[in-house]
Amino acid sequence: MLSKAATMEILMNRNGDAGTLPEDDSLEQDLQQVMVSGPNLNETSVVSGGYGGTAEGIIPTASIKGSSMQDSRSSSSMTAEESSRGVAVEKLDFMKQWGLNTYKCTKQMIAERFGRGSRTVDLELEAQIEVLRDTKRKYENVLRLARALTNHLYSMVQTQHALGDTFTDLSLKSPELRDEFGYNAETQKLLCKNGETLLGAINFFVSSINTLVNKTMEDTLMTIKMYEAARLEFDAYRADLEELSVGPRDVVNMARIDTAQEQYQIHKDKYERLRSDVTIKLNFLDENKVKVMHKQLLLFHNAVSAYFAGNQQQLEQTLKQFNIKLRPPGADKPSWLEEP
């Protein structure tokens, strides 16, 4: 089509001017056909080969986009599969290591109980731990008895309060025994007030002993349990290393010995670190126990002595000395603002 337009002869006159082209309907139709059948910019294609070649080298861009999206989807799915596979492998390794560690510790524990295995013992530290456990048992008994005393004292105070109210009511209804009922009512009210003061002192004593026994001592005993578990692991890996060291010195066994040596050193460091922590906590516990018990025993003695001596002023002074504030009657009951 273009070759026809390019090779068209141009008529020239004698003066060199170009002549008018004859009207050619076929040329105009060819140009319109080119404009209509030209390439669409929205549907571009990659063409391999020269102009006028066959359509075998034309690759639509839509197919390129589709293949790239499919490749990205497949790569993302492969990445997710590899990550999930990595997590599964980590969990499997963890379970394998945990099972091996449990087996070694159980084997060491059975060997110790039947007297077949050696055990690392720190005589001084073991003695301090045994003293702590015995002390905790005795302090728990003191705490139990102090709580029982608190319950009995509370019941007695409630009984004295009810008895004083009854005496007061009878003094108003019995004119012939007004004085007798009157001073008995005053006595019971005074005893009730002193009992509430003593009850506040004993409650403070119980709270302090409970903190010492169930928090401070329990925290030290938790560290001791971790220390004992670390000691068992250390002895288990130490026995495993000793057993491998006796075997042949081939390549496989030497690799096992190196691995056992690394594990032995790791558990040895853990054991020594926890042993140091237990020693420090035991020393701090002894100092704290002496301070707390010195204060609480002095409070208990002064409060009980003043109560049974009938010295109300001394009883109140004891509470001020130890900064103990009594709750007013009805303090436990919520106010009307707090009620639902």
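## Basis of the model

The model is predicted, so local features are reported at a pLDDT of at least 70 and side-chain atom pairs at pLDDT 80 or more, while totals for chains, interfaces and linings use all residues. Residues are numbered from 1 along each chain as its sequence is written, and side-chain values use heavy atoms, with hydrogens and water left out.

## Overall fold

The protein contains seven helices and two strands. Both kinds of element are DSSP runs numbered from the N terminus: helices are runs of H or I with at least four residues, and strands are runs of E with at least two. Along the sequence, the elements follow the pattern α-α-β-β-α-α-α-α-α.

Of the 340 residues in the protein, 24% are buried. Here, buried means under 20% relative accessible area, exposed means over 50%, and partly exposed lies in between, with a 1.4 Å probe and protein chains only.

## Helix H5

Helix H5 covers residues 178-246, which is 69 residues. At 1.5 Å a residue, H5 should span 102 Å, and the 98 Å between its end C-alpha atoms agrees with this. The expected span is 1.5 Å times one less than the number of residues in the helix.

H5 also has a kink of about 35 degrees, centred on Glu218. The bend at a residue is the angle between two fitted axes, one for the seven residues ending there and one for the seven starting there.

## Packing of the helices

Helix H4 (residues 123-173) packs against H5 at an angle of about 160 degrees, and the two axes are 7 Å apart. This makes H4 roughly antiparallel to H5. Axes are lines fitted to C-alpha atoms, for helices over the stretch in contact, and the angles run from 0 to 180 degrees between N-to-C directions. Angles under 35 degrees count as roughly parallel, over 145 as roughly antiparallel, 65 to 115 as roughly perpendicular, and the rest as oblique. H4 passes H5 in a left-handed crossing. A crossing is left-handed if the near helix is turned anticlockwise from the far one by less than a right angle, and right-handed if clockwise.

H5 in turn packs against H6 at about 165 degrees, with the axes 7 Å apart. H5 and H6 are therefore roughly antiparallel to each other, and their crossing is left-handed. For H6 and H7, the angle is about 160 degrees and the axes are 8 Å apart. H6 and H7 are therefore roughly antiparallel, and they have a left-handed crossing.

## Aromatic pairs

A search of the whole structure finds six aromatic pairs. Rings of Phe, Tyr and Trp (its six-membered ring) pair if their centres lie within 6.5 Å; planes under 30 degrees apart count as stacked, over 60 as edge-to-face, and the rest as tilted. The rings of Phe234 and Tyr271 are stacked, because their centres are 5.2 Å apart and their planes are at 5 degrees. Phe234 lies in helix H5 and Tyr271 in helix H6 (residues 251-308), so this pair ties together parts that are 37 residues apart in sequence. Phe234 and Tyr271 are both buried. Together with Tyr227 and Tyr264, they form one aromatic cluster.

Tyr307 and Phe308 form an edge-to-face pair, because their ring centres are 5.0 Å apart and their planes are at 85 degrees. Tyr307 counts as buried at 10% relative accessibility, whereas Phe308 counts as exposed at 66%.

## Selected residues

Ala260 is found in helix H6 and is buried, with a relative accessible area of 7%. The C-alpha atoms of Ala260 and Tyr237 are separated by 7.1 Å, although the two residues are 23 residues apart along the chain. Thr106 lies in helix H3 (residues 61-113) and is partly exposed, with a relative accessible area of 37%. Thr106 and Glu233 are 127 residues apart in sequence, yet 9.4 Å apart in space, C-alpha to C-alpha.

Asn323 lies in the segment after helix H7 (312-321). Asn323 has a positive phi of about 55 degrees although it is not a glycine. At 69% relative accessibility, Asn323 counts as exposed.
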